[in-house]
Amino acid sequence: MDEELRGAIRESFLAALPEDAVAALVDGAVRVEAPAGTWIRGPGQGPSPQLRLVAEGLIRIVRTVPDGRTITQRYLRRGDVAGIAGPFIAPNTPNTGRGDTLMHSVYYEFRNETWRRIAERDSRVAVALLAELGRIAELSMEHMANRALASMRQRVVGQLLDSAIYADGVDPIAPVTQQQLAEGVGSAREVVARVLHSLREEHLVATRVGSVVLLEPERLRSELSVP
C-alpha cells in the first residue's frame with residue numbers, strides 16, 4: 001500500500017477499521033489518474049457501481065433520466081468512498097449514475113467481490129459499510145430537500161452546476177440557453193434572465209450565446225449547501 005493511498009484511507013471511514021481489515025479491503029487496488037472533464041462511468045456500463053476512494057481532486061456524481069437531464073447527487077473529495085452499495089446490488093439492477101472529474105483527480109478502485117466477501121465474514125466491516133451508507137443516504141436526502149425548497153437563484157445555480165462541462169486550465173461551461181435553464185427549473189425565461197444578470201453582476205458567471213461560463217464554481221456550489 002503506497003503512502004498516497006494510506007493518506008486517503010486516514011481521511012475516510014476506513015480509518016476506524018482495524019489494519020488487517022483495511023489491508024484485505026484494499027488488496028489489489030488500482031490507482032487511476034484523471035484530468036478534469038473525464039467521464040468516469042455512465043448508465044448501463046457494467047453490472048454495478050465501482051468502489052472508489054478519492055485521493056485527490058473533486059468528482060461529481062450525477063444521476064441521469066431517459067431524456068438526458070441530470071441532477072447532482074453528491075461531490076466526492078479526498079477521503080470519500082463511492083459505490084459502497086455496488087457489491088450488494090443484483091447484476092440486473094438499472095444504474096443511472098456516472099462520475100465526472102471537476103478537476104485533476106486521483107482515485108483508487110477496489111474489487112466489488114472482495115468487499116462483499118469480507119463483509120460477509122467480518123462483522124466489523126459490515127457495520128462500517130452500513131454506517132457509511134447511512135451517512136451518505138442522510139446527506140443525499142438533505143441535498144434533495146435543499147433543492148426542492150431552494151430559492152429561484154439556487155435552482156438556477158444548481159442547474160448550471162449540473163450542466164457544466166469541465167476541463168483542465170479553463171473555466172467550466174454550461175452549454176445551455178436561457179430557455180433551457182427556464183425549462184430545467186420550471187420557470188419563465190424572464191425570471192431566469194434576472195437571476196443570470198445578478199450572477200453576472202457578482203462576477204460569478206459570464207454569459208455567451210448558448211452557454212454560461214462559471215467563473216467561480218466553488219462559490220456557486222457553496223450556495224447550495226451540497227455535501
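Axes are lines fitted to C-alpha atoms, for helices over the stretch in contact (heavy atoms within 4.5 Å), and angles run from 0 to 180 degrees between N-to-C directions. Helices (H or I, at least four residues) and strands (E, at least two) are DSSP runs, numbered from the N terminus. The structure is a predicted model, in which local features need pLDDT of at least 70 and side-chain atom pairs count only at pLDDT 80 or more, while totals for chains, interfaces and linings use all residues. Residues are numbered from 1 along each chain as its sequence is written, and side-chain values use heavy atoms, with hydrogens and water left out.

We can start with two helices. The axes of α5 and α7 (residues 189-201) come within 10 Å and cross at roughly 80 degrees. The two helices are therefore roughly perpendicular to each other (the class for 65 to 115 degrees; under 35 is roughly parallel, over 145 roughly antiparallel and the rest oblique). Among the residues that meet are Val-156 and Leu-160 in α5 and Val-192 and Leu-196 in α7.

Next comes the sheet. Four strands form an open sheet in the order β1-β8-β3-β6, with antiparallel pairing; two strands pair if DSSP finds at least two bridges between them. At its edges, β1 (30-34) and β6 (81-82) each pair on one side only. Strands β3 (residues 52-56) and β8 (residues 105-109) pair over four bridges, and Arg-52 stands opposite Glu-109 in β8. Helix α1 (residues 3-10) lies across β1, β3 and β8, running at about 105 degrees to β3.
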